[in-house]
Amino acid sequence: MLLWPLSGFKINYYNALFTRGNALGGAIFCYFGIFFSFKRKFDLSDKLIIVIGFILLYFANSRSSMIALIVFLIIRFFLINFKKIPYKNIFMIALLVCLAVPIVYMILYNSSMREVLDNFSWIYLRKRFFSGRQYIWGALLNYISQKPFMGYGLGVTADDFLSLGWSSHNWYLQTLLQIGIMGFCLLVEVLKIIWNDLYKYKDSIVCKSVSAFLIGVLLWQCFEVTITQNNISIGILVWFIFGLGVNKNLLTQNNKHFMGDYHE
C-alpha cells in the first residue's frame, strides 16, 4: 500500500513488488489465509488490515484471488457457526465442481449468456469474462484425451502444444496434461489426506480456517497453476498454511498423549 502512490495511484493491474497483479492477488489471499486462521479481536488495527487487503486485491484486479477469498470466507463462516453441515463431503464436492469449470466455461461461451457475462465482468471487474481461456482449455482437453492415463511428462507446458506463450491457467488441466489421470489422482490423494487430517480436529478454529482455505485454493486453481508450478513462491505460502492446520493437529495429539501419560 505504501508503494501505491509511487505507482501513480494505479487502480488496475497494480502489482506492487510482484511481477504481475495475479501474483500480488495470490499473496494477499494467502495472507488472509494466515490472518483468519487464528482468533481475532477484530479491533481497529485488524479492521484496517482487512480493508487495506481488499483494496489492494481490487487494485490488482486478480479475479481468481477475489473469488477464492470470498469462497474461503463463506466456507469458514459456515464451518465455524454451523455444526450440521456435510463437512467430510465438502472436499469431494468442491473438487467435482472445479473439474467441471472448464467444461461449463466453454458451454457458456457458446451460449446466449456470453455477451451478458462479458459485459458484466468488464463493467465491474475491468476484465472480459471470456479472456481466451476457452481456446486454451478446449485445445488442452483434446490433447489430454489422446494420452489420458500417463500424460506427456512433467516438463511439458501448454505452450509446447499451443505455441502461444500462455499458461494453461488451470491446475487440473495442467496436471492431467503432464502426468495424466494416474498422477492427478495421487496429487488429489495428498490433498485429501490433509483434508481428512484437518477433519479429525474440526472443532479447532485453526483447522476450520485451514479447511476453508483449502477449498478456496481448489477453486483458485481453476484459473491458476500456482501450487505446483507457476508463481511457486506463492505456492510455498499455500503449503505453509496447510502445514499450520496439520501442525495444530499434531500438537493436539501430542498434548493428549502427554496428559494421558501424566495421569497414568
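Q: First up, is Arg40 buried, partly exposed or exposed?
A: Arg40 is partly exposed, at 30% relative accessible area; buried means under 20%, exposed over 50%, and partly exposed in between (1.4 Å probe, protein chains only). Keep in mind that this is a predicted model, where local features need pLDDT of at least 70, side-chain atom pairs count only at pLDDT 80 or more, and totals for chains, interfaces and linings use all residues. Residues are numbered from 1 along each chain as its sequence is written, and side-chain values use heavy atoms, with hydrogens and water left out.

Q: Thanks! Which side chain meets Arg40 in a salt bridge?
A: That's Asp46, at 3.1 Å from N to O. The rule asks for a side-chain nitrogen of Lys or Arg within 4 Å of a carboxyl oxygen of Asp or Glu, and the count comes to one salt bridge. Asp46 is buried, with 7% relative accessibility.

Q: And which ring has Arg40 over its face?
A: Phe35, with Arg40 at 4.0 Å from the ring centre. Here CZ of Arg or NZ of Lys must be within 6 Å of the ring centre and within 35 degrees of the ring normal. Arg128 likewise lies over the face of Trp122, at 4.6 Å.

Q: Switching to aromatics, how many pairs are in the whole structure?
A: The search finds 34. Rings of Phe, Tyr and Trp (its six-membered ring) pair with centres within 6.5 Å; planes under 30 degrees apart are stacked, over 60 edge-to-face, the rest tilted. One of them is Trp4 with Phe9, edge-to-face at 4.8 Å and 85°.
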